[in-house]
Amino acid sequence: MPDLRLAVAPMVDRTDRHFRYLVRQVSRGVRLYTEMTVDQAVLKGNRERLLGFRPEERPLALQLAGHDPESLAEAARIGEAFGYDEVNLNLGCPSERAQEGGYGACLLRDPGRVAEILRAMVQAVRVPVSVKMRLGLDGGESYPALARLVERFAQSGVEVFIVHARSALLALSTRANREIPPLRHEWVYRLKEDFPHLTFVTNGGIRSLEEALAHLKRVDGAMLGRAVYEDPFVLEEADQKVFGLPHRPSRLQVARAMRAYLEEEVALGTPPWAVLRHMLNLFRGRPKGRLWRRLLSEGRSLKALDEALRLVEEEVGEKGQEEEKGPEGKAERALALPREGV
Ligand SMILES: Cc1cc2nc3c(=O)[nH]c(=O)nc-3n(C[C@H](O)[C@H](O)[C@H](O)COP(=O)(O)O)c2cc1C
């Protein structure tokens, strides 16, 4: 079974390969997911652009959306050939576009079709196939109905269930759907009790590593989305506390690693802003954090990053030393760590 103790949620326009690379500098162990990718795009689009990633990003899952078993199976096969560690089916997106395209959360209305899709995907690949689902649809959810869905999908060979622990309200906006229906993590706990042989990851509203650790007492994994985008250092202690890895980089170390990455990417033709935009929150809540953000968003270049780096280096102290100021400006000793190629 894949190690899903801690994962970063798939997020359109957020979890592209640049942001994933950044998160990987913070945590080696956390499992990463791509943005939702529609099967037809995989079949007909520019595959390298859509699916390409760096090996450092692994463990990495490809999230697919669609409604046709054969197309999804083919897209899963292509994803596996690209080297993804897992293929995930989106059963949670409530957007109008998803409803028009017949994919995402609205598929929960047709469990028979989902079961058929999953069977085709499981047969197509050797890597694990997982689902990311909601508790139900339009407020009509109940625990027994949810358990029946899980049982049915498991019969197709799926063993990993990521549950965004609220229902989807298809008449509301996508944004409202991340806030309004109440979270019921306890239903996911109950699923784990009722199906102990399956893997359950709970998702929704988890803001800190401590909260994630509390969920881990009841389920196999916790998935964080917005909290990681808003401050990737929410995962600062993840390697030590969850994965037993001696890795706890400072913000400055991550910023320097990203500088090297940006330089390489620019040489490959990537516009600097495609990378820099994901780095705006890197010093969130820290001294000079706002100035960092402003320099990057106004300059949008490698030069602007160098200027911002100089600024935080001055704030932190001598270059290369492993001291960083805590939120109150107090010097805190970061754990001495090898930079592992960072
Ligand atoms: C900007 C944004 C984009 C999202 N895109 C996806 C997506 O592509 N696929 C998906 O399954 N969920 C998507 N979600 C939902 C998240 O994966 C997650 O389930 C949700 O944000 C709740 O977790 P959180 O409270 O930790 O953010 C998105 C959420 C946000 C904020």
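Let me define a pocket before I use the word. On a 1 Å grid over the protein atoms alone, a pocket is an open set of points where a 1.4 Å probe fits, with protein on both sides within 12 Å along at least five of seven lines, and a lining residue has an atom within 4 Å of a point. Grid points are joined across faces, edges and corners, and a volume is the space filled by probe spheres set on those points.

Now the ground rules. This is a predicted model, where local features need pLDDT of at least 70, side-chain atom pairs count only at pLDDT 80 or more, and totals for chains, interfaces and linings use all residues. Residues are numbered from 1 along each chain as its sequence is written, and side-chain values use heavy atoms, with hydrogens and water left out.

I start with the second largest pocket, which has a volume of about 560 Å³. It is lined by 19 residues, and Asp16, Arg17, Glu35, Arg49 and Leu50 are the closest to its centre. At least two lining residues come from each of α1 (17-26), β3 (37-38) and α3 (47-51); helices here are DSSP runs of H or I with at least four residues, strands are runs of E with at least two, and both are numbered from the N terminus. By class, this lining has nine charged, five polar and five nonpolar residues. For the classes, Asp, Glu, Lys and Arg are charged, Ala, Val, Leu, Ile, Met, Phe, Trp, Tyr, Cys and Pro are nonpolar, and the others, Gly among them, are polar.

The largest pocket holds about 1100 Å³ of space. Its lining has 39 residues, with Pro10, Met11, Val12, Thr174 and Arg178 nearest the centre. Two or more of the lining residues come from each of β6 (129-134), β9 (221-224) and α10 (226-230), and α10 gives the largest share, four residues.

On to the ligand. A polar side-chain atom of Gln63 is 2.7 Å from a ligand nitrogen. A polar side-chain atom of Lys132 is 2.8 Å from a ligand oxygen. For Val12, a polar backbone atom is 2.9 Å from a ligand nitrogen.

Last, which peptide bond is cis? The one from Arg58 to Pro59, with omega near 0°; Pro59 sits in the loop between α3 and β4 (60-65). That's it from me.

Key
Polar contact = N/O pair within 3.5 Å; in protein donor to acceptor, adjacent residues only side chain to side chain.
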